[in-house]
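I opened this notebook to look through a structure that is new to me. The entries below follow the order in which I looked things up.

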Amino acid sequence: MNELWGHLTGVIIVVIMVAFICIWAWAWSGHHRRTFSRMAALPMEDDPPPGHAAPAPAKDADA
């Protein structure tokens with residue numbers, strides 16, 4: 001195996017690891033806490049709020 005290939009895979013792994021750490025830090029920053037909390041509660045909301053119509057069911061392309 002070529003020695004250059006080993007260095008190249010090492011660099012790729014470091015870049016991917018740094019990208020992962022940056023995304024992790026972005027996701028856990030305090031700026032997104034309110035948005036993520038609201039999005040986490042969406043599956044618990046079954047009924048539409050009063051005054052809003054329920055969304056129309058999707059039509060099948062075959063019907």
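Predicted model: local features only at pLDDT ≥ 70, side-chain atom pairs only at ≥ 80, totals over all residues.

Entry, surface. I then checked burial: of the 63 residues of the chain, 2% count as buried.

Entry, secondary structure. I found 2 helices and 0 strands in the chain. Helix α1 covers 3–27 and helix α2 covers 33–41, with a loop between them.

Entry, record. I looked up UniProt, where an unreviewed entry places the feature "transmembrane region" at residues 6–29. In the model I checked that stretch and found 92% helix and 0% strand over residues 6–29. The end C-alpha atoms of the stretch are 35 Å apart.

Entry, nonpolar patch. Which residues make the nonpolar surface patch of about 760 Å²? I listed I13, M17, F20, I21, W24 and W28. Of these, I looked up the place of W24, which is in helix α1.

Entry, H32. I located H32 in the loop between α1 and α2. Is H32 buried or exposed? H32 counts as buried because its relative accessibility is 19%, and buried means under 20%. The side chain of H32 makes a polar contact with the side chain of W26, at 3.0 Å. Leaving aside neighbours within four places in sequence, I found H32 in contact with W26 and A27.

Entry, A27. A27 has 26% relative accessibility, so A27 counts as partly exposed. Not counting residues up to four places away in sequence, A27 touches H32 and F36.

Conventions
Residues numbered from 1 in each chain as written. Heavy atoms only, no water. UniProt positions renumbered as here; feature names shortened; annotations may be inferred. Helix = DSSP H or I, 4+ residues; strand = E, 2+ residues; numbered from the N terminus. Buried < 20%, exposed > 50% of the residue type's maximum accessible area, 1.4 Å probe, protein only. Polar contact = N/O pair within 3.5 Å; in protein donor to acceptor, adjacent residues only side chain to side chain. Contact = heavy atoms within 4.5 Å. Patch = residues over 30% accessible without salt bridge, like charges linked within 9 Å, V, L, I, M, F, W, Y side chains within 5 Å. Areas by Shrake-Rupley, 256 points an atom, 1.4 Å probe, with all protein chains shown as cover. Salt bridge = Lys/Arg side-chain N within 4 Å of Asp/Glu carboxyl O.
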